[in-house]
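Me: Please take a close look at one part of this model, the aromatic residues and the sheet around them. How are they arranged?

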Amino acid sequence: HVYIDTLISPSNTSAIAQAIQIPGIAGMENNMVLFEFDKENPTNLNEIIDNFGLVNSGDFDICILASSHREIQCRNGIHVWINSLDTENSNLMILLSFIIMVHPDWKKGQIQIFNICRPEELEKTKEAMRDLVMAGRLPIHPKNIRLIIQKPDVSAKSIINNYSVNAGLTLIGIREELIKKEKTKLFEGYNELGTILFVHSKDQKIIE
């Protein structure tokens, strides 16, 4: 079931400012804001970036959905690109993946977790990944966790484009400092992918 409310405001910024102060339908405080833009025609992406700081100043997790015209193939599962040093986003992305997989449309899909590392960081990253999964207490089978060694002349975006080209949904963590620095460029360069969910967690989620 979905509850939809409508708010009329003179600008997106004022609408967002009001929306994040309104309690949820159950009377509880909201804890996440979801923005969306069209990958093929990102006309509102600048507005999302401009209002990111406003939402982030509160205790909100922020998700930005880059919607693709390509049909979502749920049977191809969810690809989660995490960084073992970025546990704030990692735990939330894994949690969201499990929530999405409960939906009947995704019953034939699987969650695959990827982490990019340098050759000299391989063993350290393996250990960090193992600790992350154990701390999260999530039933993720080792075969669904892949470490990708990054060559010096290959960008992270190229690697993600290559491995997740057929994914039903791809989750990628983003950090506030990179949004401020790169702005729209942070969300560009994923032309081979379908729909992407960019995730920014306000703090690390403890999953029990």
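**Aromatic residues and the sheet**

Reply: Phe37 counts as buried, at 5% relative accessibility; buried denotes under 20% relative accessible area, exposed over 50% and partly exposed the range in between, with a 1.4 Å probe and protein chains only. The model is predicted, so local features need pLDDT of at least 70 and side-chain atom pairs count only at pLDDT 80 or more, whereas totals for chains, interfaces and linings use all residues. Residues are numbered from 1 along each chain as its sequence is written, and side-chain values use heavy atoms, with hydrogens and water left out.

Rings of Phe, Tyr and Trp (its six-membered ring) are taken as paired if their centres lie within 6.5 Å; planes under 30 degrees apart count as stacked, over 60 as edge-to-face and the rest as tilted. By this rule there are six aromatic pairs. In one of them, Phe37 and Phe187 have ring centres 6.1 Å apart and planes at 80°, so the pair is edge-to-face. Phe37 belongs to strand S1 and Phe187 to the loop between helix H6 (176–182) and S7, 150 residues apart. Helices (H or I, at least four residues) and strands (E, at least two) are DSSP runs, numbered from the N terminus. Phe187 is buried, with a relative accessible area of 7%.

In the pair of Trp81 and Phe114, the ring centres are 4.5 Å apart and the planes lie at 15°, so this pair is stacked. Trp81 is in strand S3 and Phe114 in strand S4, so the pair ties together parts that are 33 residues apart in sequence. Both Trp81 and Phe114 are buried.

Strand S3 also holds His79, which counts as buried at 6% relative accessibility. Setting aside residues up to four places away in sequence, His79 is in contact (heavy atoms within 4.5 Å) with residues including Phe114, Gln112, Tyr163 and Leu171. S3 and S4 run parallel and are joined by five bridges; strands are paired if DSSP finds at least two bridges between them. Val80 has Ile113 of S4 as its bridge partner. Five of the seven residues of S4 are buried, so S4 is largely enclosed by the rest of the structure. S4 in turn pairs with S5 in the parallel sense, over five bridges, and Asn115 stands opposite Leu147 in S5.

These strands belong to an open sheet of seven strands with mixed pairing, in the order S1-S2-S7-S6-S3-S4-S5. S1 (32–38) and S5 (145–149) stand at the edges with a single partner strand each, so one side of each is left without a neighbour in the sheet. Neighbouring strands are turned by 20° against each other on average, direction ignored. Axes are lines fitted to C-alpha atoms, for helices over the stretch in contact, and angles run from 0 to 180 degrees between N-to-C directions.

S2 (residues 61–67) and S7 (residues 196–200) pair in the antiparallel sense over five bridges, in which Ile64 has Phe198 of S7 as its bridge partner. Ring pairs link Phe198 with Phe37, Phe187 and Tyr190 into a cluster.

Helix H2 (residues 45–56) lies across S1, S2 and S7 and runs at about 170° to S1. Helix H3 (residues 87–101) also packs on the sheet, touching strands that include S3 (78–82), S4 (111–117) and S6 (169–173), and its direction makes about 170° with that of S3.
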